[in-house]
Amino acid sequence: MAIVSGLTLSVQGQSQSAQVTLKSIRRDSLADALRITLEFDREIAFRDQRLDGPSRVFVDLKDVRATAALNGATLAFNDDVVWQVRVGRPLNDTTRVVLDLRNAARYSAYVLYSPFRVVIDIERASLAKKRTPRPVYKPPAPTPVVTASV
């Protein structure tokens with residue numbers, strides 16, 4: 001896996017013609033973030049990006065098809081940073097999962113294995129503001145050296 005300019009890529013070891021299945025989308029509320037987990041039947045290539053106006057994170061899944069239950073689905077949540085998750089297919093060989101955000105700070109996307117999953121953690125903005133910055137270390141000023149004149 002490599003992270004390049006805000007995009008995450010996971011390289012797959014199978015042929016490009018093989019279709020992978022997006023099996024499930026799970027939502028878990030953590031103390032300081034909301035976690036969305038996408039589960040697949042095997043490893044996939046993907047890219048993610050955050051956009052504003054309206055605020056959202058999208059994940060493009062190359063050579064992936066969603067199950068019939070998830071294909072074209074909109075999963076609505078009224079109580080947290082991700083207020084809905086949408087699944088679509090803007091290109092013939094790519095499935096897109098869009099997380100529509102409300103009061104979100106940072107996000108991160110990473111993979112887990114056995115089974116293969118793409119995990120997206122979205123930090124709540126209210127918690128990000130409460131964090132206190134770490135103190136900056138300032139070394140003491142140098143002591144001047146006095147020399148005797150002859």
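The paragraphs below lead through a predicted model, from its overall make-up to a few side-chain arrangements.

Residues are numbered from 1 along each chain as its sequence is written, and side-chain values rest on heavy atoms, with hydrogens and water left out. Because the model is predicted, local features need a pLDDT of at least 70 and side-chain atom pairs count only at pLDDT 80 or more, while totals for chains, interfaces and linings use all residues.

The confidence of the predictor in each residue, given as pLDDT from 0 to 100, averages 84 over the chain, and 81% of the residues score at least 70. Over residues 1–16 the pLDDT stays under 50, and for this stretch the model has 34 contacts beyond four places in sequence, a contact meaning heavy atoms within 4.5 Å.

The chain holds 1 helix and 12 strands, taken as DSSP runs numbered from the N terminus (helices H or I of at least four residues, strands E of at least two). Read from the N terminus on, the order of elements is β-β-β-β-β-β-β-β-β-β-β-β-α. Among the contacts with a separation of 6 or more, 55% join residues 24 or more positions apart. Of the 150 residues, 37% are buried, where buried means under 20% relative accessible area, exposed over 50%, and partly exposed in between (1.4 Å probe, protein chains only). The accessible surface of the chain comes to about 9,300 Å², and 56% of this surface belongs to carbon and sulfur atoms; such areas come from the Shrake-Rupley method with a 1.4 Å probe, and for residues only the protein chains shown count as cover.

Asp121 lies in strand 12, residues 117–124, and counts as buried because its relative accessible area is 14%. Its side chain makes a polar contact of 2.7 Å with the side chain of Arg35 and another of 3.0 Å with that of Tyr110. A polar contact here is a pair of N or O atoms within 3.5 Å; within protein, one must be able to donate a hydrogen and the other to accept it, and residues adjacent in sequence count only if both atoms are side-chain atoms. Leaving aside residues up to four places away in sequence, Asp121 also touches other residues, including Leu30, Leu34, Arg106 and Ser108.

Arg56 lies in strand 6, residues 56–62, and a polar atom of its side chain is 2.5 Å from the backbone oxygen of Pro54. Beyond four places in sequence, the residues that Arg56 touches include Gln49, Arg86, Val98 and Asp100.

The structure also holds 2 aromatic pairs, for which rings of Phe, Tyr and Trp (its six-membered ring) must have centres within 6.5 Å, with planes under 30 degrees apart counted as stacked, over 60 as edge-to-face and the rest as tilted. The rings of Phe40 and Phe116 have centres 6.1 Å apart and planes at 50°, so this pair is tilted. Since Phe40 lies in strand 4 (residues 33–40) and Phe116 in the loop between strand 11 (104–112) and strand 12, the pair ties together parts that are 76 residues apart in sequence. Both Phe40 and Phe116 are buried. The rings of Tyr113 and Phe116, with centres 5.4 Å apart and planes at 65°, form an edge-to-face pair. Tyr113 counts as partly exposed because its relative accessibility is 46%, whereas Phe116 has 5%.
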